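Welcome, and please load the model in your viewer.

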Amino acid sequence: GHEVVLGTADKTDWQRVERHFGRKVMVDGELALLPFRLGAFGIYARLMTGLIALRLRGEVDLIINTHGDVIPAPADITYVHYPLPALMVESPETFFKYQRNLFWRLYYTPYGLLQGGSRLIFKGGLLLTNSSYSREAIWRWLRKRAVVVYPPVDVESFVFSARRKEDLVLTVSRLTPEKGLHLIPHIARRVPEAHFVIAGATQKGSAALIARLGHLCDRLGVRNVEVRPDISFTELRELYAKARILLHTMVGEHFGISVVEGMASGCVPVVHRSGGPWTDIVKNGEYGFGYDTIHEAADTIRALIASDLTEMSRRAIVRAQEFSEQRFKERMRGVVAAVLAARDKGP
């Protein structure tokens with residue numbers, strides 16, 4: 001019932017969106033500052049969405065900032081994935097490229113300083129975030145209270161009427177260093193009876209990670225790990241349908257959409273005891289299993305492979321529905337209605 005206009009730094013590649021999500025997603029209008037994608041200075045180009053917000057301020061009823069970071073933009077609702085000042089301290093490997101030489105340090109420093117002062121520049125109205133884990137970090141670092149609205153997961157695409165489960169342990173992740181994928185060969189060596197597949201999208205630097213995983217498997221003598229980069233949505237669904245276990249390796253993941261996709265597919269989740277996958281998705285072990293060390297992860301997976309997972313799989317499927325797109329829409333409608341009602345009511 002709302003007309004939605006998307007404001008971006010550069011034009012959206014809607015064909016790429018369709019390839020990634022397996023369906024068409026459109027908005028009523030799009031306003032882009034640039035007619036092309038910038039190969040460099042991407043983080044600063046994205047900051048320019050604040051200019052679009054200023055331009056639209058008098059023309060629209062509501063502005064929602066989905067940038068993920070706190071940026072100097074007028075907004076009624078701001079969705080922060082995780083506070084960048086916390087990420088810089090807790091996950092420095094994410095920012096490795098910005099530290100490796102003088103050019104990248106000079107490039108990133110102004111943005112880092114801007115985010116370091118985000119407590120002072122935040123003018124984003126109601127603050128939303130993706131998990132109770134992120135909410136606690138926002139309070140620690142920004143001293144701002146946030147409301148948890150779980151991201152929408154297309155769980156319907158991963159529900160199968162018939163499942164042909166195999167002794168397959170699946171990890172779906174962006175192929176980047178901070179995701180902890182280097183742990184998988186060590187775990188797989190201790191579970192030779194299972195086949196491990198790592199599937200995910202690549203970006204700059206992924207080739208080095210894939211090569212590292214190959215060298216690590218060779219050094220450990222591991223033959224039951226397969227890396228499948230940039231597979232199609234159809235191939236991804238097939239992997240979810242076959243896998244018995246969804247292994248998630250990132251420490252301090254903010255939410256973990258692939259964990260929900262796996263659970264919707266009937267996979268039993270095994271996640272690190274940190275971050276949103278543990279606190280919010282599997283609810284501290286109520287709907288899945290946790291681990292702290294690679295030994296514990298391997299022991300858990302071996303026990304699950306040897307077990308009847310029918311009931312645990314059923315519980316995972318039911319739990320995944322809590323994060324459906326429909327639930328997200330319901331929550332967002334409530335948030336939007338509350339913000340508009342508060343504005344109409346006035347001070």
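Two strands count as paired here if DSSP finds at least two bridges between them. Helices (H or I, at least four residues) and strands (E, at least two) are DSSP runs, numbered from the N terminus. The model is predicted, so local features need pLDDT of at least 70 and side-chain atom pairs count only at pLDDT 80 or more, while totals for chains, interfaces and linings use all residues. Residues are numbered from 1 along each chain as its sequence is written, and side-chain values use heavy atoms, with hydrogens and water left out.

**Stop 1: strand β10**

Select residues 245-248, which form β10. The β11 bridge partner of I245 is V268.

**Stop 2: the four-stranded sheet**

Now look for an open sheet with the order β3-β4-β5-β6 and parallel pairing. Its edge strands are β3 (64-68) and β6 (147-148), each pairing on one side only. Select β4 (residues 77-80) and β5 (residues 126-129), which run parallel and are joined by four bridges; T78 has L127 in β5 as its bridge partner.

Which strands does helix α7 (residues 132-142) touch? It packs on the sheet against β4, β5 and β6, and its direction makes about 135° with that of β5. Helix α15 (residues 325-345) also packs on the sheet, touching β3, β4 and β5, at about 170° to the direction of β5. Contact means heavy atoms within 4.5 Å; axes are lines fitted to C-alpha atoms, for helices over the stretch in contact, and angles run from 0 to 180 degrees between N-to-C directions.

**Stop 3: two helices crossing**

Finally, select α11 (residues 257-264) and α14 (residues 310-320), whose axes come within 7 Å and cross at roughly 125°. Show the side chains of V260, M263 and A264 in α11, which meet A316, I317, R319 and A320 in α14.

Note on methods:
Buried < 20%, exposed > 50% of the residue type's maximum accessible area, 1.4 Å probe, protein only.
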